[in-house]
Amino acid sequence: MAQIFGTDGIRGVANTELTPQLAFAVGRAGAYVLAKSSDRHRPIIVGRDTRLSGTMLEAAIVSGITSVGRDAVSVGIVPTPAVATITVSTGAAAGVMISASHNPIADNGIKFFGPDGFKLSDAIEDEIEALLDWNDFPQPTGEDIGVASLGLNLGKHYYDELYARAADLQGLTIVVDGAFGAAYQYAPYAFRKLGATVHEINCEPDGRRINVQCGATDLRPLQARVRELISAGEKHVIGVAFDGDADRALFVDEAGAALNGDHVMLILARDLHARGELAGDTLVATVMSNIGLEKALAAHGITLLRAPVGDRYVLERMREGKYVLGGEQSGHIINLQNNTTGDGPMTAIALLSTIVRTGKTLHEMASELTIYPQVLVNVQTSFKQVLDNPRVRKAVEEAERNLTGNGRLLIRPSGTEPLIRVMVEGDNQQRVEALAHDLAECIRQAASVP
């Protein structure tokens, strides 16, 4: 069997690549590996987003879990970070989230959390994968078969974490774009509970529209609604958009401008640093974060460490160095003071609380970051070896020489989709656009040659 675990669990088109049969095998092998040394009645928590294929895959995964004598507790539609929190808070043996995050509707995915709430290491994923075709799993009968149940009101554990460090948000007006995904009720409820005035868009559990021209993958509807409220005379209007499973968040400020994860990391890092809570005076980001973030942090005595793309690699670097804050330009923010994984609602509450504490506007704080021109072009291909093509390698070397001293070049295969991502950053917009598109076309042509 080909390797199925990517940089963020398993992803694929539901019912063709990610079949119920595979989900059953993954549930069975995952339960065996993750829970074999714990009490058999310590359950495995199972959550999902709103995708139409979610219930199908949930049934298969739960069947796999219970078939090896482990109990499963389904918590329904919840954000990915809620599964991590509930797993830890209830003393569960493991957690499973069924979601493809920001991917298209047809896709779905499976990601595991250990009993500590962290995503699995490569070694444990390899152990699970090696057992997918194993034929010697225990086959308990009678009272030894695992039990599947519904976890009523377990979301309270996640709400408790959201409120633990939050400020009173009274006086703020928040527009929430739920992306028709897992945050559709959690985020608006939490913001209202903290005192904010909340306007909702795309906050319905509609798996037919998850991530479609909305949420963190398309901020235009959120910007339009924020600007509409501003024009109507509303004060202190801020927009927040989540992706399908709500493990990331992006924002629109009081001027209607879109902000990315670099803006958020700068603001949160400065706030923690000012309060003496930024361990090692260091923020961990990825190679995709803009060089402007590095310069803005340095001006405040904060070091930026870069990790490979993927929140798991950010987390690895954070845990190695005992750092508390890290994230990605795409809006995955990890604050180990609050949770063990990327957490969109938590990020939003932390950012909004910073606004309240400092008395500054989001626009004012974000304006400190000067964004250097950065162009990202995706080339549709699953042929990752195209990057070894001599013609492609020569084009890359020439582009790097062109950028020396004035920018950066990053070309990498996506860990979650059949894409080659070409990123060019520099001090001249026209030049980086030309280089990015020329490199993408070179890769596209090389990938099309048999």
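**Charges, fold and one glycine**

Student: Charges to begin with. How many positive and negative side chains does the chain have?
Tutor: This is a predicted model. The chain carries 41 positive and 54 negative side chains. The centres of the two sets lie 2 Å apart.

Student: And the secondary structure: how many helices and strands?
Tutor: There are 14 helices and 19 strands. The radius of gyration is 22 Å, close to the 22 Å from the globule rule for 450 residues, so the chain is as compact as a globular protein of that length.

Student: What does the C-alpha trace span along its principal axes?
Tutor: About 70 × 60 × 40 Å.

Student: What share of residues is buried?
Tutor: Buried residues account for 57% of the 450. The accessible surface is about 18400 Å², and carbon and sulfur atoms make up 50% of that.

Student: Of the contacts between residues at least 6 apart in sequence, what share joins residues at least 24 apart?
Tutor: That share is 73%.

Student: Now glycine 292. Where does it lie?
Tutor: Glycine 292 is in helix H9, which covers residues 291-298.

Student: Is glycine 292 buried or exposed?
Tutor: Buried. Its relative accessible area is 5%, and the cut-off for buried is under 20%.

Student: Which residues does glycine 292 touch, leaving aside neighbours within four places in sequence?
Tutor: Leu369, Thr370 and Tyr372 are in contact with glycine 292.

Student: How far apart in space are glycine 292 and threonine 303?
Tutor: They are 13 Å apart, C-alpha to C-alpha. In sequence, eleven residues separate glycine 292 from threonine 303.

Definitions and conventions. Residues numbered from 1 in each chain as written. Predicted model: local features only at pLDDT ≥ 70, side-chain atom pairs only at ≥ 80, totals over all residues. Heavy atoms only, no water. Helix = DSSP H or I, 4+ residues; strand = E, 2+ residues; numbered from the N terminus. Rg over C-alpha atoms; globule rule 2.2 N^0.38 Å. Buried < 20%, exposed > 50% of the residue type's maximum accessible area, 1.4 Å probe, protein only. Contact = heavy atoms within 4.5 Å. Areas by Shrake-Rupley, 256 points an atom, 1.4 Å probe, with all protein chains shown as cover. Lys, Arg positive; Asp, Glu negative; His and termini not counted. Charge placed at Lys NZ, Arg CZ, Asp CG, Glu CD.
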